[in-house]
Amino acid sequence: MASFLTMMTQNTTTDKSELPFIPLAVPHLGGNEWKYVKECLDTSWVSSAGLYVDRFEAKVADYTKAGYGVAVVSGTAALHIALMTAGVRQDDEVLVPTLTFIAPVNAVSYCGAHPVFIDSESQTLNMDISNLTDFLENECHVRGGELVNKSTGRTVRAVLPVHLFGHPTDMDILYQTAQRYGLRVVEDASQSIGGRYKNLMIGERGDITCFSFNGNKIVTTGGGGVIVTNNEAASTRARYLTTQAKDDPFEYIDHSIGFNYRLPNINAALGLAQMEQLDGFIKRKRAIWEKYAAKLTDIPGLRIINEAAWAFSTYWTTNVLIDEKGFGTTARILALALNEQRIQARLFWQPIHLQKPYKNSQAYKVQIAENLYKCGLSLPSSVGITDEEIDRVVSAVRNKQGNGKCV
Ligand SMILES: *Cc1c(COP(=O)(O)O)cnc(C)c1O
């Protein structure tokens, strides 16, 4: 993002550089942030002990209707510890969607485990559970009481669904499938706090769910994450591992290799103030989506992603799919055109099985995810975006329609 901003501000050759920049998703600090952080400074409770850490954990667990919350320094750290807590070990395999931000896949690697990449589906952009079931049915067998991947001989331990862009994965069939095959489930809800599946909050029914509070997420702690679970033993284990695995803090006795992943109080203070505003943020995100949806109709080759009948999406970002044939140009060319007008539109992530660190990993019949990568685009969706700015994005999209050749 820094280099992108630099690039944008260096573009002084045309008067386009005078246009106000419309970012993709930036924090909105409109509540008690200043007050709570100041209290940390005034009282010297700035580090990883302090009341705000407890209050923030409780707030996230309460909001998501999960039993317990453990605050950590990042969403990635949350995933690492959640996987360990779920029992993922060296040389195990974890099933992940290939269309995702790379962090959950890296967390699998931190455990010494291996990802197996599953395809996505184009309605919700999340993991395609039929592709997952297909893999489990045809590529795995039970040996010595464990589910084993026939082609690698490794134990398949867990499935890691990623709820993208504020929208849940189809949970009933996911959990049914996981149960049938004895798989643990670790949910990556980094982008989707406040989203619902059939009136259940994301995190409410799950085994173990991770949230991120990075700067571009709907609510932020500056940087941070929370693990939520309904399982008390899992929360105790997660807390133990994230706080240096102290077995006897007086004698300094440790029975495990722990991590220094505890969230500092200052960040938790920021996070608590943000959580207090989450309902309002979601309302605004959904209104932003509605405005885009109303204004981007009747454009050939452009499809706006909307929520499934069984879902409540927070619409962290509004997303569109651009079909080159119908629209007249590619998502890439459209993104560049928007960026040139100081509108930060962003392509979806390159599927992880195509990326250098994972190109030798197994990817099971992936096809849709590659198409989504080709066609997908996220539009500016900050809580603070104005209706006029949305209009500017919409006209920029309409102006590019049918324009420019594919390279
Ligand atoms: C942001 C994000 C993460 C990582 O969170 P950090 O807090 O940045 O470590 C993990 N998974 C997904 C899907 C994300 O979007």
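Author: A polar contact is a pair of N or O atoms within 3.5 Å; within protein, one atom must be able to donate a hydrogen and the other to accept it, and residues adjacent in sequence count only if both atoms are side-chain atoms. The model is predicted, so local features need pLDDT of at least 70 and side-chain atom pairs count only at pLDDT 80 or more, while totals for chains, interfaces and linings use all residues. Residues are numbered from 1 along each chain as its sequence is written, and side-chain values use heavy atoms, with hydrogens and water left out.

With that in hand, a nitrogen atom of the ligand lies 3.3 Å from an N or O atom in the side chain of Ser 190, and a ligand nitrogen is 2.7 Å from such an atom in the side chain of Asp 188. For Lys 217, an N or O atom of the side chain is 3.2 Å from an oxygen atom of the ligand. Of the 380 Å² of accessible area that the ligand has on its own, the protein covers 92% (areas come from the Shrake-Rupley method with a 1.4 Å probe).

The shell around the ligand has 15 residues, of which Gly 75, Thr 76, Asp 188, Ser 212 and Lys 217 come nearest; a residue is near if one of its heavy atoms lies within 4 Å. By class, this shell holds 5 nonpolar, 8 polar and 2 charged residues, where Asp, Glu, Lys and Arg count as charged and Gly is among the polar ones. Helices α4 (75–85) and α5 (103–110) each supply at least two residues of the shell, and α4 gives the most, with 3 residues; helices here are DSSP runs (H or I) of at least four residues, numbered from the N terminus.
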